[in-house]
Amino acid sequence: MRKIMDVKEAVLSRRSIRAYEDRPIRREDLEDILEAGMYAPSAVNFQPWYFVAIQNPEDMKRLLQIMGQVSQKIRPALEERFSKHPEIVEETSQFIRQMGGAPVCILAFQYKQDYPKSESTIAQSIGAAIENMLLTAAGKGIGSCWLTAPVETGMGQELRDTFAPEAGKMAALLTFGYPARIPKAPARKEGRYIIL
């Protein structure tokens with residue numbers, strides 16, 4: 001019998017995984033992850049998300065071709081952000097190109113083109129759904145990484161046109177798989193909350 005992880009334990013132990021083992025995720029686990037996303041809170045219950053789970057080799061190949069372009073386009077921003085750490089630039093560029101060998105990638109989109117709420121409100125709802133999926137995966141021992149590089153580079157539309165032409169704007173790309181290695185948590189920054 002598998003141990004179910006406590007919610008706080010899942011929150012504190014979840015890491016962004018950038019290298020995955022070469023083994024598939026069970027369909028039942030993938031469905032649980034997606035269902036957790038569907039149960040996120042959303043502004044006036046719009047449930048404004050649409051997810052495309054990619055796992056078959058042909059679609060994964062198409063995804064990686066597009067992500068190769070994303071890697072090239074995001075590199076100048078990475079070089080500026082990590083100017084003193086070229087190894088991080090290389091590692092991140094390679095991860096974006098190859099998705100760390102993840103057996104499953106989930107593309108997150110708005111369900112519709114437009115909503116009668118602000119973009120920020122809709123983005124927060126989709127973000128809540130994404131976090132639900134990441135934590136559910138962590139509770140099952142499945143690693144994940146949340147990427148916005150396709151959106152930042154303007155490649156979100158190409159991913160939408162390729163995999164979900166009826167959906168709205170792309171929000172993020174998520175990778176899922178069993179971790180090949182688990183990185184140490186970065187230090188938390190001080191002064192990020194106050195209790196009154």
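1. Lys169 is partly exposed, with a relative accessible area of 35%. Here buried means under 20% relative accessible area, exposed means over 50%, and partly exposed lies in between (1.4 Å probe, protein chains only). Accessible areas come from the Shrake-Rupley method with a 1.4 Å probe, and for residues only the protein chains shown count as cover. This is a predicted model, in which local features need pLDDT of at least 70 and side-chain atom pairs count only at pLDDT 80 or more, while totals for chains, interfaces and linings use all residues. Residues are numbered from 1 along each chain as its sequence is written, and side-chain values use heavy atoms, with hydrogens and water left out.

2. Which residue meets Lys169 in a salt bridge? The partner is Glu119, at 2.9 Å from N to O. A salt bridge is a side-chain nitrogen of Lys or Arg within 4 Å of a carboxyl oxygen of Asp or Glu. Glu119 lies in helix α5 (residues 119-139), and Lys169 sits in the loop between α7 (156-163) and β4 (170-177), so the pair ties together parts that are 50 residues apart in sequence. Helices (H or I, at least four residues) and strands (E, at least two) are DSSP runs, numbered from the N terminus. Glu119 is exposed, at 58% relative accessible area.

3. The structure has eleven salt bridges by this rule. One of them joins Asp29 and Arg26, with N and O 3.2 Å apart. Is Asp29 buried or exposed? Asp29 is buried, because its relative accessible area is 0%. Arg26 is partly exposed, at 42%.

4. Another salt bridge links Arg23 with Glu21. Their closest N and O atoms are 2.8 Å apart. Both ends are partly exposed: Arg23 has a relative accessible area of 41%, and Glu21 has 34%.

5. Asp22 lies in the loop between α1 and α2. Asp22 is exposed, with a relative accessible area of 82%. How far apart in space are Asp22 and Ala10? The two are 23 Å apart, C-alpha to C-alpha, and twelve residues apart in sequence.

6. Now the cysteines. How many disulfides does the structure hold? The count is zero, a disulfide being a pair of cysteine sulfur atoms within 2.5 Å. Cys105 is in no disulfide, and the nearest cysteine sulfur, that of Cys145, is 10 Å away.

7. Next, the surface patches. Patches are made of residues with over 30% relative accessible area and no salt bridge; like charges are joined within 9 Å, and nonpolar side chains (Val, Leu, Ile, Met, Phe, Trp, Tyr) within 5 Å. Arg81, Arg188, Lys189 and Arg192 form a positive patch. Lys and Arg count as positive and Asp and Glu as negative, while His and the chain ends are not counted. The place of a charge is NZ of Lys, CZ of Arg, CG of Asp or CD of Glu. Arg81 belongs to helix α3 (residues 57-81). Arg81 counts as exposed because its relative accessibility is 58%.

8. Val7, Val11 and Leu12 make a nonpolar surface patch of about 290 Å². Leu12 is in helix α1 (residues 7-13). Leu12 is exposed, at 56% relative accessible area.

9. Backbone angles deserve a look. Most residues other than glycine have a negative phi. Val44 is not a glycine, yet has a positive phi of about 40°. Where is Val44 placed? Val44 is in the loop between α2 (27-38) and β1 (49-54). Val44 is exposed, with a relative accessible area of 57%.

10. Gln47 also lies in the loop between α2 and β1. Gln47 has a positive phi of about 45°, although it is not a glycine. Gln47 is partly exposed, at 38% relative accessible area.
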